[in-house]
Amino acid sequence: MHYQIKGNFAMTPQDSERYEQVDADAHQTTLDLLKEVADYLDRLPKHPMTHSVLQKVRSHLNSPSAKAQEVRLAMLSKDQVMSAKVKSGNGFKGASQYTPTGLPIISARLLYPTLQLESPAVQELLNAREPLKAERLCTAIGRDIAGGVSIHLSSIHPKLDHV
């Protein structure tokens with residue numbers, strides 16, 4: 001087992017993962033609180049000092065690095081939630097029909113309690129700038145779903161499925 005040193009503490013990889021989640025959650029909570037502070041300061045009677053602090057807070061929140069960090073934190077949180085569900089055995093995946101090139105027409109991912117359906121085949125047509133073909137495929141998928149589509153689900157494997 002490998003250990004990482006964080007400050008004066010030695011942590012296992014599992015501890016490190018939990019620490020990063022807590023750190024990401026705490027940082028996101030701080031950014032949310034800062035937004036509330038800015039809204040509150042904006043409602044106060046106008047005063048040069050209040051205005052100055054409000055401008056500093058808004059400047060920080062609107063800076064490209066703060067926006068990038070907020071996006072990164074949201075993605076990290078989403079990835080960690082998904083990873084935790086997969087590790088706990090609550091992650092399943094499947095597909096219904098494939099194109100001749102091997103892309104799923106409908107792919108499904110169940111991370112309890114959320115089922116996500118998408119169409120890699122439609123996305124490929126849109127990326128290839130073929131909107132009419134994509135529209136026809138969407139219509140066909142809609143008809144199939146209206147009639148009922150069964151998708152066999154299998155467990156998501158954390159390593160093999162790159163989760």
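Reader: Is Glu130 buried, exposed or partly exposed?
Author: This is a predicted model, where local features need pLDDT of at least 70, side-chain atom pairs count only at pLDDT 80 or more, and totals for chains, interfaces and linings use all residues. Residues are numbered from 1 along each chain as its sequence is written, and side-chain values use heavy atoms, with hydrogens and water left out. Buried means under 20% relative accessible area, exposed means over 50%, and partly exposed lies in between (1.4 Å probe, protein chains only). Glu130 has a relative accessible area of 28%, so the word for Glu130 is partly exposed.

Reader: Which residue does the side chain of Glu130 meet in a salt bridge?
Author: A salt bridge is a side-chain nitrogen of Lys or Arg within 4 Å of a carboxyl oxygen of Asp or Glu. Here the N to O distance is 3.0 Å. The partner is partly exposed at 46%, and its name is Lys133.

Reader: How many salt bridges does a search of the whole structure find?
Author: Lys46 is exposed, at 71% relative accessible area, whereas Asp42 is partly exposed at 36%. Arg58 and Asp39 also meet, at 3.5 Å, N to O. For the whole structure, the search finds three.

Reader: How many residues apart are Arg58 and Asp39, the pair that links distant parts of the chain?
Author: Helices (H or I, at least four residues) and strands (E, at least two) are DSSP runs, numbered from the N terminus. Asp39 lies in helix H1 (residues 13-43), while Arg58 belongs to helix H2 (residues 48-62).

Reader: Is Ser96 buried or exposed?
Author: Ser96 sits in strand E3 (residues 91-98). Contact means heavy atoms within 4.5 Å, and beyond four places in sequence Ser96 has contacts including Ile105, Val149 and Ile151. The relative accessibility of Ser96 is 12%, so Ser96 counts as buried.

Reader: Over which residues does pLDDT stay under 50?
Author: pLDDT is the predictor's confidence in each residue, from 0 to 100. The protein chain averages 76, and 72% of the residues score at least 70. Where pLDDT is low, the predicted coordinates should not be read in detail. The stretch you ask about has 17 contacts beyond four places in sequence in the model, and it covers residues 1-13.
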